[in-house]
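Welcome, and thanks for taking a look at this one. Please have the sequence and the model open side by side while you go through the briefing below.

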Amino acid sequence: MSSQYSFSLTTFSPSGKLVQIEYALNAVQSGPTSLAIKSRNGVVLATEKKLSSTLIDETTLQKTAKLTDHIGMVYSGMGPDSRVIVSKARKEAEKYYRVYKERIPVVQLVARTASVMQEYTQSGGVRPFGVSLLVGGYDEQGPHLYQVDPSGSFWAWKASAIGKNMVNANTFLEKRYTEDLELEDAIHTAILTLKEGFDGKITNTNIEIGVVSEDKHFRILNPTEIDDYLQEMQ
């Protein structure tokens, strides 16, 4: 019965589901694992960065993106879809600044980005975005971490994982997370979590880490910095 509704985005199935959204979530769950941890003094975003061929230049693949000076995001799912979301989120942040002459609060940017994703679940001629996002930032209210799904739903999290190994990663995070976690410890925990389900050896080129701390400046760690953390954990 559900097959006749699976090609329509704007038609509910008899069970009350929009099947295309479930398919979008399947695209997220087949993507490489990404995770994020909110610490007492910042947020860390981390992700696997696996290439389909050794001939690809790894510097051209980036899964972590800076949305504003104080907000960054990481995704799991379809890369081209994430580029559209990043562009729209940056425009929303700039609109806010032009009106209010101050940096957009993290929850405001997340809500506006989620609204864009929700519009693509009730419009004809389009499809849902095949990505889930983990958005981390630091504003006047402190550190924040949110997850946004293809349906446009979003929630605040202390730590979360998305992608292929999300179940095992979330179980690992539940055991390791504490309320008084420092940012440096959160980075180590993020790397350990990725290691749990990683196929092969983790190096400074096949993972990506972004951090935002009390200085309210989001940055992506370079390979040398990642290598230093990996050596500390050996």
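In this briefing, a residue is buried under 20% relative accessible area, exposed over 50%, and partly exposed in between (1.4 Å probe, protein chains only). At 45% relative accessibility, Arg40 therefore counts as partly exposed. Please keep in mind that this is a predicted model, in which local features need pLDDT of at least 70, side-chain atom pairs count only at pLDDT 80 or more, and totals for chains, interfaces and linings use all residues. Residues are numbered from 1 along each chain as its sequence is written, and side-chain values use heavy atoms, with hydrogens and water left out.

Helices (H or I, at least four residues) and strands (E, at least two) are DSSP runs, numbered from the N terminus.

- Strand β2 covers residues 42-48, and seven of its seven residues are buried, so the strand is largely enclosed by the rest of the structure.
- Gly42, Val44, Ala46 and Glu48 point one way from β2, while Val43, Leu45 and Thr47 point the other way, and all are buried.
- Two strands count as paired if DSSP finds at least two bridges between them.
- Strand β1 (residues 34-39) pairs with β2 in the antiparallel sense over six bridges, and Ile37 stands opposite Val44 in β2.
- β1 and β2 form a hairpin, with two residues between them.
- β2 also pairs with strand β9 (residues 207-213), in the antiparallel sense and over seven bridges; here Ala46 stands opposite Ile209 in β9.

**Salt bridges**

A salt bridge here is a side-chain nitrogen of Lys or Arg within 4 Å of a carboxyl oxygen of Asp or Glu.

- The structure holds 11 salt bridges.
- One of them joins the side chains of Arg40 and Glu182 at 2.9 Å, N to O. This pair links distant parts of the chain, 142 residues apart: Arg40 is in the loop between β1 and β2, and Glu182 is in the loop between α4 (166-176) and α5.
- Glu182 has a relative accessible area of 30%, so it is partly exposed.
- Lys216 forms a salt bridge with Glu140, the closest N and O atoms being 3.6 Å apart. Lys216 lies in the loop between β9 and β10 (218-220) and Glu140 in the loop between β5 (131-139) and β6 (142-148), so the pair ties together parts that are 76 residues apart in sequence.
- Glu140 counts as exposed because its relative accessibility is 65%.
- The side chains of Asp69 and Lys66 also meet in a salt bridge, at 3.6 Å, N to O. Asp69 is partly exposed at 44% relative accessibility, and Lys66 is partly exposed with a relative accessible area of 29%.
- Glu92, Lys95 and Arg112 are linked in a network of salt bridges.

Patches are made of residues with over 30% relative accessible area and no salt bridge, with like charges joined within 9 Å.

- Asp180, Glu184, Asp185, Asp228 and Glu232 gather in a patch of negative charge on the surface. The elements giving two or more residues to this negative patch are α5 (183-196) and α6 (223-232).
- Glu184 is found in helix α5 and counts as partly exposed, at 41% relative accessibility.

**Backbone angles worth a look**

- Most residues other than glycine have a negative phi, and most peptide bonds are trans.
- Lys101 has a positive phi of about 60° although it is not a glycine. Lys101 lies in the loop between α2 (79-100) and α3 (106-119), and it is exposed, with a relative accessible area of 59%.
- Lys216 also has a positive phi of about 60° although it is not a glycine.

**Separations in sequence and space**

- Ser153 is found in the loop between β6 and β7 (154-156) and is partly exposed at 29% relative accessibility. Ser153 and Val116 are 37 residues apart in sequence and 11 Å apart in space, C-alpha to C-alpha.
- Tyr96 lies in helix α2 and counts as buried, at 9% relative accessibility. The C-alpha atoms of Tyr96 and Thr121 are separated by 25 Å, with the two residues 25 apart along the chain.

Notes
Patch = residues over 30% accessible without salt bridge, like charges linked within 9 Å, V, L, I, M, F, W, Y side chains within 5 Å. Areas by Shrake-Rupley, 256 points an atom, 1.4 Å probe, with all protein chains shown as cover. Lys, Arg positive; Asp, Glu negative; His and termini not counted. Charge placed at Lys NZ, Arg CZ, Asp CG, Glu CD.
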